[in-house]
Amino acid sequence: MTPLLEVRDLVKEYPVRSGVLRRVTGSVKAVNGVSFTLEPGQTLGLVGETGCGKSSVGRCLVNLAEPTSGDVLLGGQCLSDMSPRELRAARRRIQLVFQDPYASLDPRQSVETIVSEPLFLHGLAKGNEAGRTAELLDLVGLNRSSLRQYPHELSGGQRQRVGIARALALEPEVIVLDEPVSALDVSVQAGILNLLEELQNELGLAYVFIAHDLSVVRHVSHQVAVMYLGRIVECAESDELYANPRHPYTKALLSAVPVPDPRVERHRHRILLEGDLPSPLALPSGCAFASRCWKASDECASIPTLTSPTSDSLHTVACHHPEIT
Amino acid sequence: MTEPKDPVLEVDQLSVTFRARHGDVEVLRDVSLSIGPGETLGVVGESGSGKSVTGAAIMGLLPSNADVTGSVRFLGQELLGAPESVMRDLRGRRIAVVAQDALTALNPVHTVGSQIAEAIKVHDSGPTRAQLRARAIDLLDLVGIPQPSARVDSYPHEFSGGMRQRALIAMTVANEPDLIIADEPTTALDVTVQAQVLDVLARIQERTSSSLMLITHDLGVVAGVADRVLVMYSGSPVESSDVDSLFHATAHPYTRGLLASMPRIDSRDRSVPLYRIPGLQPSPAQRPPGCPFHPRCDVAVVGTCDVDLPLPTLVGPGHISACHLAESTGGRP
């Protein structure tokens, strides 16, 4: 069976320019061979720290950035093989919600214009654009009186709901959510997370949920992929990954997340990582995490790690010395 | 030295009103707190709750259009209304601040070492250049900067985000202050870096036995670091207690709502959605009458909560809740 969304060995390089003539003097591999699949109604959580390439993956998925190599397949069809007309149709099926709802909404457009614009661009709900726009507002839990409002009159949570309504306008099958709640306070964040879950259950949406907050990712995801310097180092079903992390980086990352319970916190052991990230301009030939890993051996520095399944075939890890559970 | 039981910082009924063109805005109402020697107080609240203003008011760093009333006593000395010369002597030496954004807090055109040395020199003209340099290297080592003797000559832009925050902490603790006020010291950082920075703060506190006031929006950080917690809402303290009681004998509906709205890394129950506190925190200019939380509260009583401002009530040993429904255990808070 063809998966809804499949990413095969995705690579995204950005050129580095220097000197007066701005000549290309090198390249940064923001994404370095990422592969995953996503089924309808499922959420894949893509987690990692600043600069790991998770947002670049998101941008490649919606074709905002062109992959250097590798394929993004939607319903078995490769985006890079599509004609402009086919690509336009494919864009309807995969939509993006940005992190900062304030920066991604035009301050001079009313909520009605923002949400209905995709309908006009794609010729949907012809003649009934206003009705459909009002429906979309109902769907994301916004009052219809907001139609005449402008982004600055809305709260952060309401703005993010507008961003979600705009993405839903084209009835997509997949929504890429890039840090959708990280700019919000916790009490507001909870409302958006619940809304996303309701929409998924109601409309059968698939999500690629990009975030740095591991607690939020656990809450929303069915499957979680952990990224480090452009690669997925570990991927598993959500509960399995959080219960049995196999990659040392995942283990360190999970141990660093505080739990809002002092009694639990007192008995937790934090793994403090030493050293700094290697420069993405000159990635080491072996495992990129070796310079900070307490389990690293000689082979880790020189031999690249391969993604291999563990005893649980859905749980894959790219490490020479995975944790044994 | 003071008696061990005397608090390092005692804030009583601190209120701050900003005079503005469109009328006065009371951003802080009757904040009372105290921090003992070596103790860590977590001050928690969402954006706009007044937690940062509390820190700035204690340090005397509010703009000139702020009217401050109440009392701030540091080691028994009243700071409100104290002359600027006294405050200047205390700031950076006895009370130090760790800012949120280390990149803007550090000067880009001076080396990290010279900035740390300056923090010492301002209060003590005794040490020679060589002594200052050695002290800077020692401090960078203390906060876990690798190769401190080489890094002392680096500029802030040559440091990663986490290293900058640690360098800033080194500068803050250079004079072994009695009180450190850290305003969201880890908010812009990745979790693994946050863990390093919190570890550094804990080690420094152990070594210098400073008291710490940690201002944060993250209840998880508070659970791991604080001894006592103060929860703020719309400019007022709503609950304060020791850290265990706050999380396990939560008294105020707002604190309960905050805890229930947080997804947790150590469990996931798919059958229950997260609790969502309805509505929004009011801005200080548009606070509702009565309890500021009553329009969002699921247990609010009509005729009481929307009319009268709840007074702080003692609900357990050292546990105060500002709620009309709090069951008083008697005694004065």
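Q: How much of chain B counts as buried?
A: Of its 333 residues, 48% are buried. Buried means 20 or more other C-beta atoms within 10 Å of the residue's own, exposed means 12 or fewer, and partly exposed is in between, with C-beta atoms placed from the backbone.

Q: What kind of model is this?
A: This is a predicted model: local features need pLDDT of at least 70, side-chain atom pairs count only at pLDDT 80 or more, and totals for chains, interfaces and linings use all residues. Residues are numbered from 1 along each chain as its sequence is written, while chains are lettered from A and ligands numbered from 1 in the order in which they are written.

Q: Back to chain B. How many helices and strands?
A: Chain B has eleven helices and twelve strands. These are DSSP runs numbered from the N terminus: helices are H or I with at least four residues, strands are E with at least two.

Q: Why is chain B said to be as compact as a globular protein of that length?
A: Its radius of gyration is 21 Å, close to the 20 Å that the globule rule gives for 333 residues, so chain B is as compact as a globular protein of that length. The radius is taken over C-alpha atoms, and the rule is 2.2 Å times the number of residues to the power 0.38.

Q: What box do the C-alpha atoms fill?
A: Roughly 70 × 50 × 45 Å for chain B, along the principal axes.

Q: How many residues of chain B are in contact with chain A?
A: 36 residues of chain B are in contact with 36 residues of chain A. Contact means C-beta atoms, placed from the backbone, within 7 Å.

Q: Which helix gives the largest share of that side of chain B?
A: α8(B), with six residues. That helix spans 191-208.

Q: Now chain A. What is the strand order in its four-stranded open sheet?
A: The order is β2-β1-β4-β5, and the pairing is antiparallel. Two strands pair if DSSP finds at least two bridges between them. The edges are β2 (23-38) and β5 (77-78) of chain A, each pairing on one side only.

Q: How many bridges join β1 to β2 in chain A?
A: Twelve, with β1(A) covering residues 5-18. S18(A) stands opposite R23(A) in β2(A).

Q: Which strands does α1 of chain A lie across?
A: Helix α1(A), residues 54-61, lies across β1, β2 and β4 of chain A. It runs at about 75° to β2(A). Axes are lines fitted to C-alpha atoms, for helices over the stretch in contact, and angles run from 0 to 180 degrees between N-to-C directions.

Q: And β3 of chain A, why is it called largely enclosed?
A: Five of the five residues of β3(A), 43-47, are buried, so the strand is largely enclosed by the rest of the structure. T43(A), G45(A) and V47(A) point one way, L44(A) and L46(A) the other.

Q: What does β3(A) pair with?
A: β3(A) pairs in the parallel sense with β8(A) over five bridges. It also pairs in the parallel sense with β9(A), over four bridges. G45(A) has F209(A) as its bridge partner in β8(A), and V47(A) stands opposite V226(A) in β9(A).

Q: What do the buried residues of α3(A) pack against?
A: They pack against α4 (129-139) and α5 (156-168) of chain A. Among the buried residues are I114(A) and L119(A). Just after α3(A), G123(A) takes a positive phi of about 60°.

How values were computed:
Contact = placed C-beta atoms within 7 Å.
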